[in-house]
Amino acid sequence: MKATTKPLTQRKAWRALAAHQKKIKGLHLRELFAADPNRGERMTAEAAGLFLDYSKNRITNETVKLLLKLADETGLRTRIKAMFSGEKINLTENRAVLHVALRASKGAGILVEGKNVVPDVHAVLGKMEGFSKRVRSGAWKGHTGKRINNIVNIGIGGSDLGPVMAYEALKYYSDHAMTFRFVSNVDGTDFVEAVRGLDPAETLFIVSSKTFTTLETITNAQSARDWLLKGLGGNPKAVAKHFVAVSTNAEKVSAFGIDTANMFGFWDWVGGRYSMDSAIGLSTMLAIGPDNFRSMLKGFHEMDEHFRTAPFDKNLPVLMGLLSVWNNNFLGAHTVAVLPYEQYLKRFPAYLQQLTMESNGKHVTLDGKKVDYQTGPVYWGEPGTNGQHSFYQLIHQGTRLIPCDFIAFAHALTRLGRHHDILMANVFAQAEALAFGKTPQEVKAEGSPDWLAPHRVFEGNRPSNVILARRLTPEVLGKLVALYEHSVFTQGVIWHIDSFDQWGVELGKALAQRIIPELESKASPKLKHDSSTNNLIRGYRKLKEAK
């Protein structure tokens with residue numbers, strides 16, 4: 001599908017937003033709330049069990065109207081329809097983008113090149129369920145006849161970040177009799193620490209690599225194979241009882257020693273960072289069980305349908321995406337802090353880093369033209385209240401504008417005395433403090449001496465969203481992930497970029513393949529890099545030889 005090529009900064013709505021920003025840049029959130037007593041109730045949206053308060057953004061009614069016009073002018077509705085219809089909107093790789101098919105209902109019809117892909121999705125889900133039930137029940141035995149008690153997922157990027165995040169997020173629902181570990185980094189320490197204390201006879205490895213050639217994953221998988229065979233007497237037949245694969249390369253999977261009957265496939269229309277609800281989520285299903293996994297898919301699907309059908313002024317992903325564009329492109333905010341006030345979501349910001357920055361970290365448009373505006377902001381964060389005692393100082397009183405997404409839940413999964421009310425009080429207090437701050441007059445009224453007063457002033461006027469749900473369940477996790485997936489897509493459409501390719505990861509990988517033999521060669525290699533790289537390679541080889 002070809003998108004319109006009119007430069008974004010020349011669009012009527014964009015130019016109107018630029019003029020509007022200059023008009024309201026002097027307004028403070030204190031003034032906006034004072035002028036509109038109902039602002040806090042009015043600038044909210046609710047759908048699929050998620051409540052969004054966006055009233056503490058530096059916006060007016062006119063800002064929202066102009067942002068919605070920008071969405072219309074850039075063809076967001078058409079692009080949404082194209083994605084859900086299976087059109088090849090990933091232009092540079094000529095692929096459909098159908099992570100929404102991974103959670104479509106069984107009777108749905110989503111066509112790719114004339115074929116309904118939904119039956120294939122549910123066939124893989126059924127295979128995953130059967131396997132998970134055998135492992136969780138103890139029916140699946142290892143090579144020595146022992147049941148499997150340890151699961152080690154080996155992957156990288158989307159094959160690791162999604163499974164790790166989901167496991168941590170849903171640990172409350174996990175089978176606590178089983179141990180789950182995750183290996184991604186090619187640094188050998190990652191593997192060594194992951195298998196420390198595990199019994200090879202009770203350990204199952206999931207190797208997740210679509211092509212079964214990913215350097216880091218296959219290097220770690222080979223080390224896992226060596227570790228297993230060393231612990232089980234060296235019989236290669238043991239591999240089939242202790243390894244399964246999430247891949248599409250049956251030949252390489254079989255050559256590794258994995259029974260292809262235990263190979264779980266996915267499709268080229270599933271991007272790695274959008275794959276946690278595909279077979280890549282096998283470790284998640286093993287941890288929480290098939291029913292809870294299905295519940296998570298239901299949550300994904302509910303948010304998908306909301307995004308697909310809801311009017312933009314009530315559409316949670318669209319509103320969040322447009323606000324991100326406003327903060328990034330018109331207020332100059334180049335980062336976003338994601339602050340979940342739920343310890344189980346401690347890996348959620350790391351997961352979003354790939355989802356957002358690999359998707360929208362692009363410097364050219366769909367037409368191949370260099371952009372003349374900022375695209376993807378930097379996403380980062382930590383769970384509250386930990387961050388309050390580290391980086392919140394910069395958010396409150398630093399010189400950079402950092403919009404924040406606060407994520408919180410009305411009910412704690414682990415109720416312990418007053419803990420949850422104290423936690424929630426901090427959510428609301430931080431959002432309030434960021435918005436309204438503390439004036440010099442308020443500081444002096446508290447009795448601060450004149451010399452100290454400037455240090456205790458909080459300027460405020462710092463934007464935030466608050467996302468509130470009843471409690472963290474598998475279904476709600478699916479909704480949260482889909483919310484951010486579609487917000488990322490919304491931003492990509494506005495910026496006229498391809499949110500679904502990732503050519504930026506290729507160059508470094510290709511150069512590493514060239515450098516590896518130069519590091520491992522016994523004879524001094526003839527180096528043809530720049531002087532810095534050549535010098536570093538020689539220095540490494542010298543240090544390596546010195547031991």
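Student: What makes up the lining of the second largest pocket, by class?

Tutor: Its lining has six nonpolar, seven polar and four charged residues. Ala, Val, Leu, Ile, Met, Phe, Trp, Tyr, Cys and Pro count as nonpolar, Asp, Glu, Lys and Arg as charged, and the others, Gly among them, as polar. By the way, this is a predicted model: local features need pLDDT of at least 70, side-chain atom pairs count only at pLDDT 80 or more, and totals for chains, interfaces and linings use all residues. Residues are numbered from 1 along each chain as its sequence is written, and side-chain values use heavy atoms, with hydrogens and water left out.

Student: How much space lies in the second largest pocket, and which residues are the closest to its centre?

Tutor: The second largest pocket holds about 370 Å³. Of its 17 lining residues, E342, Q343, Y344, T414 and L423 are the closest to the centre. Helix α17 (residues 419–436) gives the most to this lining, with three residues.

Student: What is the volume of the largest pocket?

Tutor: About 1100 Å³, where a volume is the space filled by probe spheres set on grid points joined across faces, edges and corners. T214, Q502, V505, E506 and K509 are the closest to its centre among the 44 residues that line it. α21 (506–520) supplies the largest share of that lining, five residues. By class, the lining of the largest pocket has 17 nonpolar, 18 polar and nine charged residues.

Student: Why is something called a cavity or a pocket?

Tutor: Because of whether a probe can get out: on a 1 Å grid over the protein atoms alone, a cavity is a set of points where a 1.4 Å probe fits but cannot get out, while a pocket is an open set with protein on both sides within 12 Å along at least five of seven lines; lining residues have an atom within 4 Å of a point. A search of the whole structure finds four cavities of 30 Å³ or more. The largest cavity has a volume of about 160 Å³. Of its 21 lining residues, M320, S324, V336, D405 and N465 are the closest to its centre. Helix α14 gives the largest share of the lining, five residues.

Student: How do you know that α7 is mostly covered?

Tutor: 12 of its 12 residues are buried, meaning under 20% relative accessible area with a 1.4 Å probe, protein chains only (exposed is over 50%, partly exposed in between). Among them are G158, L161, Y167 and A169. The buried residues pack against elements including β5 (150–154), α12 (282–288) and α20 (474–495), with contact meaning heavy atoms within 4.5 Å.

Student: Why do the ends of helix α7 sit where you'd expect?

Tutor: The expected span is 1.5 Å times one less than the number of residues. The 12 residues of α7 (158–169) should therefore span 16 Å, and the end C-alpha atoms are 16 Å apart, so the two agree. Helices (H or I, at least four residues) and strands (E, at least two) are DSSP runs, numbered from the N terminus.

Student: What makes β6 and β9 edge strands?

Tutor: Five strands form an open parallel sheet in the order β6-β5-β7-β8-β9. β6 and β9 (263–264) each pair on one side only, which puts them at the edges. Two strands pair if DSSP finds at least two bridges between them. β8 (residues 243–246) and β9 are joined by two bridges, so they pass. For A245, the bridge partner in β9 is M263.
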